[in-house]
Amino acid sequence: MPDDMILQTILPVTHDLGGFKVHRTLPNKERTMVGPFLFFDQMGPAHLDAGQGIDVRPHPHINLSTVTYLFEGAIGHRDSLGTNIRIEPGAVNLMTAGHGIVHSERSPGDERAGGPALSGIQTWLALPEAAEEMAPAFEHRSKAALPLIETPGVRARVIMGSLWGQHAPTTTYSDTIYADIHLDPGASVPIDDAAEERALYLAFGEATLEGMPLEPQTLYVLRPGIPATLRSEKGGRAMLCGGSAFATPRHVWWNFVSSSRDRINQAKRDWKAGNFPLVPGDDEEFIPIPEIPLTVSYP
């Protein structure tokens with residue numbers, strides 16, 4: 001059964017960003033997308049030195065939504081729409097770039113004094129072609145606003161879409177599922193089989209899928225239509241993601257995503273020329289466009 005259930009196993013590429021590591025499973029040479037998800041990063045876990053923090057300077061995006069979800073710590077988000085908000089564990093930030101947005105992510109000042117914690121998942125979701133050039137938008141959903149399914153030993157928070165009979169209020173632009181599943185020792189939970197494309201990612205601890213051990217920081221793409229049970233004997237935390245398959249591919253270059261390579265090339269020229277909007281309150285720095293980006297699409 002497990003061999004028939006796993007369509008693909010995607011190992012992470014790990015980047016050391018100085019003080020913390022990022023484990024990236026999407027995009028990958030073997031697979032670019034699972035439903036709308038085309039970028040999947042686990043940040044940390046890490047505790048930075050006192051006085052330090054993360055400082056991701058202003059940078060641009062097009063034709064995608066970024067989804068930030070934390071396990072520990074806090075991040076201050078600012079963007080060119082004028083948003084200035086703090087994200088904390090259990091809440092979700094959904095930033096939709098549309099035709100173009102610029103944002104920064106920094107450790108809040110009150111987190112830096114004792115050395116900030118950093119642990120969470122950041123994903124990018126492709127927009128349907130009809131929505132790629134929509135007006136930029138930002139949405140924050142608090143921890144209390146997201147449905148929490150609780151059964152003995154299980155706490156599953158629905159971040160996006162509908163799962164286990166509950167629906168998250170977070171906006172979706174295509175069929176999307178996304179959940180944070182926390183299992184106590186000896187607990188189990190059924191994995192919904194309704195989504196056309198699904199993947200499981202073990203962020204922490206130990207878990208098995210139909211008896212098959214899962215490796216941490218590894219993305220397991222599941223065959224469609226097959227129900228399964230996720231179980232943990234020692235305790236674990238996993239993410240479930242997916243949704244409807246996209247009929248057309250998406251190209252990824254640095255922070256730019258689009259169904260059109262020409263559109264990505266235009267975005268490169270626009271960032272170099274300073275044609276993107278500034279971030280109010282954080283407009284003195286920016287990330288220059290790289291010669292060779294860490295995130296690229298694959299043929």
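## Ile 85 and its surroundings

Ile 85 touches Ile 75, Gly 76, His 77, Asn 93, Phe 138 and His 140, leaving aside residues up to four places away in sequence, where a contact means heavy atoms within 4.5 Å. The model is predicted, so local features need pLDDT of at least 70 and side-chain atom pairs count only at pLDDT 80 or more, while totals for chains, interfaces and linings use all residues. Residues are numbered from 1 along each chain as its sequence is written, and side-chain values use heavy atoms, with hydrogens and water left out.

Ile 85 lies in strand β8 (residues 84-87); strands (E, at least two residues) and helices (H or I, at least four) are DSSP runs numbered from the N terminus. Although His 140 is 55 residues away from Ile 85 along the chain, the C-alpha atoms of these two residues are separated by 8.4 Å. Ile 85 counts as partly exposed because its relative accessibility is 24%, given that buried means under 20% relative accessible area, exposed over 50%, and partly exposed in between (1.4 Å probe, protein chains only).

Strand β3 (residues 21-26) has five of its six residues buried, so it is largely enclosed by the rest of the structure. It pairs with strand β2 (residues 13-16) in the antiparallel sense over four bridges, and two strands are said to pair if DSSP finds at least two bridges between them. Within this pairing, Thr 14 has His 23 of β3 as its bridge partner. The hairpin of β2 and β3 has four residues between the strands, and in this hairpin Gly 18 takes a positive phi near 80°.

Strand β4 (residues 37-47) runs antiparallel to β3 and is joined to it by four bridges. Here the bridge partner of His 23 is Gln 42 in β4.

## Helix α3

Helix α3 covers residues 261-273, and its 13 residues should span 18 Å at 1.5 Å a residue, which agrees with the 19 Å between its end C-alpha atoms; the expected span is 1.5 Å times one less than the number of residues. The buried residues of α3 are Arg 263, Ile 264, Ala 267, Lys 268, Asp 270 and Trp 271. Seen down the helix axis, the buried residues of α3 fall within an arc of 165°, so they line one face of the helix, the arc being that of the directions from the axis to the C-beta atoms.

The face turned away from this buried side carries the exposed residues Asp 262, Lys 272 and Ala 273. Just after α3, Gly 274 takes a positive phi of about 75°.
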